[in-house]
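Thanks for coming. Please have a look at it first.

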Amino acid sequence: MSWPLASFLLVALVLGLGWLAYERARPSARMVAVVATLAALAALGRDAFVALPDVKPITAMTLVVGYALGPLPGFTVGALGMLASNVLLGQGPYTPWQMAAWGLVGLTGAALGRLSSRSLGRLGLALACALCALAAKEVMNVYTWTIGASHTPAALLAAAGAALPFDVTDTIASLLFGLAFGPELARLLARVRVRMHVSWEGTDAPAPGDERLARPATDGLGRATALGLILLCCTALGAAPLARAGLARAQARSGAREPASAARERVHGARVLPEVSYLVGAQNADGGFGAARGQPSSELYTAWAAMGLAASGREPRGVRRHGRSPLDFMRSRASTLSGVGDVERTILAAHACGASAYSFAGYNLVAELFRARARDGSFGEQVNLTSFAIFALTAVGHSASYPPIRKAAGWLEHQQNGDGGFGFATRGAGSDVDDTAAALQALFDAGARDRRLLAAAGGYLLRAQDPDGGYPQRLGGSSNAQSTAWAAQGLLASGRDPALVRRRGSRSPIGYLQSLVGSDGSVRYSRTSAQTPVWVTGQVAIALARRIFPV
């Protein structure tokens, strides 16, 4: 058993024990409803402040719930609050760590309530909220450290130092939230606890040594469970990184199919709106897009702009200039498509616009795609074209079990180089970041299960990261936005959150991309170049929205 899998199972055991203990306590249906409501409120409170990074009331709410209602409700509200809020903010391999860390906050609140007989004042509760916020953030710093390339004490200090401004913000915010509503919420929940609790007692006095008969059902369980869960949480949270493939892969799969309305709500916290604003302003009178504002429209740039808009939650069909949309422009240029690459890209853009590729301005683009299919299952006998073919076939509604997708994926798997990466053409061509990331997404769409192959490709991407957090097209080169966007998508497909991938204390790929966003919303190609800003901005918007192909 691998070390990451063992740590994942240990954290899962911690969470399972917590909820098993809660179930064995046999809470009333009314108390279950109260705890569920509090967990939902904690999640909504975290999501409501998405525009203010690290300003979240969930720590204060979780601690007060544990303080007022006991260890098991506190643990459950903290863990479920994190899980539920990440439905909007984005799931990842960090989610179980967050669940366990904030479950620990609830247990700490319960211990505090027991030790103080629930007599803390406003300032005392607020200080406890601040300290718990700092402790929970340090747990997440440990998680960041464990997935890094270096596991030295210096690397841990570097990770903690990089996160210090955010940790301080969360600590101060939790202090203020505790001051604002801590005692009031505690009193409210105390009344709920009294009204919900029913104690059964016999008419005769209990026998000596049998005092438990007159105590609440959860009272005897509380001390042992709280202590056990605290020890298990501490052990699990410091043990090892979580298995990366579960939640992040599920996030990528659901994100790639989510409706535009859901994406629109989510991307407000993903900083895509400036890029969307730029793209909308760059549209030409014919509905299409050029390489930059004011330049003649082309199918290439229009397709990438449409996909960037769709990934960001903006319906491309609704983006119009003089009544013409990107879809109108692409249909008007359907006769100019000159190769399988053009066909694949147009199928993806049509899908982003909600149009059928089977009848696209009189052309059956899917039939055109199959004309490039070789006997060995590849398309054009190239990794790049075969990856995009899998994207396109997935976009038109075929599942991973569709024979052409299965055969294409099988051919693709055999093109992996010894370093774990993929090249543009076939095996033996030099590996590069763009095609490795594309192959990873295609294999993900095809339901590939060769863990060793996927891990090797993901490892290639991890090694390719530059010290500035970005990615070059080839190892050792200079970072650029488009290769970094590809890498972010590949990391998502391999089960990693690109916002957490850092090399020796560097910023993350997402941080690197965000640093290239200009005042007008356009994204620079690199620190020294601003070439083809429409193409670059459209592609980066997809990565910032945490989407994989097809969008």
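This is a predicted model: local features need pLDDT of at least 70, side-chain atom pairs count only at pLDDT 80 or more; totals for chains, interfaces and linings use all residues.

The patch lies on the surface and is formed by Leu123, Leu127, Leu164, Val168, Ile172, Leu176 and Leu179, with about 610 Å² of accessible area together. Helix α7 makes the largest contribution, 5 residues. One of the patch members is Leu164, which sits in α7. Its relative accessible area is 47%, so Leu164 counts as partly exposed. As background, nonpolar side chains in soluble globular proteins tend to be buried together.

The largest nonpolar core has 68 residues, and the members touching the most others are Met307, Met330, Leu369, Leu412, Leu443 and Phe549. Which helix gives this core its largest share? It is α16 (residues 383-395), with 9 residues. There is also a second, separate core of 39 residues, including Ile58 and Trp97.

Take Met307 as an example from the largest core. Leaving aside residues up to four places away in sequence, Met307 touches Arg345, Leu348, Ala349, Ala352, Ile542, Phe549 and Val551.

Arg345 comes up again in the salt bridges. Arg345 pairs with Asp342, the closest N and O atoms being 2.9 Å apart. Both residues are in helix α14 (residues 340-352), and because they are 3 residues apart, about one helical turn separates them. Are these two buried or exposed? Asp342 and Arg345 are both buried.

The whole structure has 7 salt bridges. Another one joins Asp54 to Lys137, with the closest N and O atoms 2.6 Å apart. Asp54 is in the loop between α2 (29-48) and α3 (58-69), while Lys137 is in α6, so this pair ties together parts 83 residues apart in sequence. Asp54 is at 15% relative accessibility and therefore counts as buried; Lys137, at 14%, is buried as well.

For Arg371 and Glu368, the closest N and O atoms are 3.1 Å apart. Here Arg371 is exposed, at 66% relative accessibility, and Glu368 is partly exposed, at 29%. Finally, Arg122, Glu184 and Arg187 are linked in a salt-bridge network.

Beyond four places away in sequence, Thr436 touches Gly420, Gly421, Phe422, Ala457, Tyr460 and Leu461.

Technical notes. Residues are numbered from 1 along each chain as its sequence is written. Side-chain values use heavy atoms; hydrogens and water are left out. A nonpolar core is a set of buried Ala, Val, Leu, Ile, Met, Phe, Trp, Tyr and Cys residues joined through side-chain atoms within 4.5 Å. Buried means under 20% relative accessible area, exposed over 50%, partly exposed in between (1.4 Å probe, protein chains only). Helices (H or I, at least four residues) and strands (E, at least two) are DSSP runs, numbered from the N terminus. Contact means heavy atoms within 4.5 Å. Patches are made of residues with over 30% relative accessible area and no salt bridge: like charges are joined within 9 Å, nonpolar side chains (Val, Leu, Ile, Met, Phe, Trp, Tyr) within 5 Å. Accessible areas come from the Shrake-Rupley method with a 1.4 Å probe; for residues, only the protein chains shown count as cover. A salt bridge is a side-chain nitrogen of Lys or Arg within 4 Å of a carboxyl oxygen of Asp or Glu.
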